[in-house]
Amino acid sequence: MTSSPARIFGLRTILVLVFAFLYIPIAVLVALSFNQGGLPTVWSGFSLKWYASLAGNAAILSAALNTLIVALVSTAIATLLGTLLAIGVEMRRQYGSGLEALIFAPMIIPDIVLAVALLSFFSSLDFTLGLHTIILAHVVFNLAFVCSVVRARLKSFDWSIVEASADLGASAVTTFRRVTLPVILPAVVAGALLAFTLSVDEFIIAFFTAGAGRASTTLPMQIYSMIRFGITPEINALATIVMAVSITALTLSQRLNRGVIGQ
């Protein structure tokens with residue numbers, strides 16, 4: 001059944017409007033980050049001075065360092081645990097909907113609910129809030145995403161080669177290092193990049209599980225504290241940098257994941 005030209009034109013128009021609604025505000029934010037004037041909504045010439053001012057802002061540099069620490073450490077832990085969880089679940093091969101729900105609950109539960117639950121958990125254990133609690137919270141949040149990406153690759157994994165490796169006398173560690181890991185490595189890297197992106201962007205969970213003071217302030221939290229006093233081109237520049245890092249990591253993750261699913 002062929003579509004009429006009018007219907008095709010209408011669908012394309014709707015698609016263009018949807019993309020315009022989604023991405024024009026982002027394009028405006030990026031453009032105004034290069035605005036020479038101090039007004040964030042009036043263009044007065046091209047300039048990089050707001051990006052230069054970020055380099056001299058101690059609060060922003062401290063928040064950027066905290067974000068990098070949280071993202072790298074939580075990504076490493078979540079990637080390790082998420083990969084092991086995916087392998088364990090797929091090796092079992094028989095699992096019910098209850099296990100699926102437990103694994104993917106952090107992805108489904110609203111961030112505010114998960115943040116309050118984690119804060120209550122840390123408080124009940126008398127944990128002093130800080131970067132360590134943000135890292136633990138991000139591990140909980142990111143683990144399910146890593147697990148889902150790795151499991152997508154394991155769906156087509158031939159487990160008979162693992163059994164063959166064991167029959168030939170290879171230990172479990174050797175089999176994993178030389179047989180399993182090379183096959184699933186693109187999925188592991190894709191999951192890690194996705195976890196890193198989510199950790200850099202995440203605000204609500206970090207806001208609830210962070211301690212007081214600059215020592216545990218991340219970039220999204222810093223942007224929130226700055227925006228309460230009004231939007232400035234400096235905030236636009238900072239948001240543009242965070243968005244560029246996130247888009248780069250997410251694009252790499254999607255490309256790797258596309259190759260994983262296609263295999």
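## The bend in helix H8

Helix H8 bends by about 60° at leucine 181, and proline 182 follows within four residues; the bend at a residue is the angle between axes fitted to the seven residues ending there and the seven starting there. This is a predicted model, in which local features need pLDDT of at least 70 and side-chain atom pairs count only at pLDDT 80 or more, while totals for chains, interfaces and linings use all residues. Residues are numbered from 1 along each chain as its sequence is written, and side-chain values use heavy atoms, with hydrogens and water left out.

H8 covers residues 172–201, and the C-alpha atoms at the ends of its 30 residues are only 37 Å apart, short of the 44 Å that a straight helix would reach at 1.5 Å a residue. That expected span is 1.5 Å times one less than the number of residues, and helices (H or I, at least four residues) are DSSP runs numbered from the N terminus.

## The largest nonpolar core

A nonpolar core is a set of buried Ala, Val, Leu, Ile, Met, Phe, Trp, Tyr and Cys residues joined through side-chain atoms within 4.5 Å, where buried means under 20% relative accessible area with a 1.4 Å probe, protein chains only. Of the 16 residues in the largest one, Ile60, Leu219 and Leu238 touch the most other members.

## Phenylalanine 145

Phenylalanine 145 lies in helix H6 (residues 131–154) and counts as buried because its relative accessibility is 16%. Leaving aside neighbours within four places in sequence, phenylalanine 145 is in contact (heavy atoms within 4.5 Å) with Met107, Leu194 and Leu198.

Note on methods. Helix = DSSP H or I, 4+ residues; strand = E, 2+ residues; numbered from the N terminus. Buried < 20%, exposed > 50% of the residue type's maximum accessible area, 1.4 Å probe, protein only.
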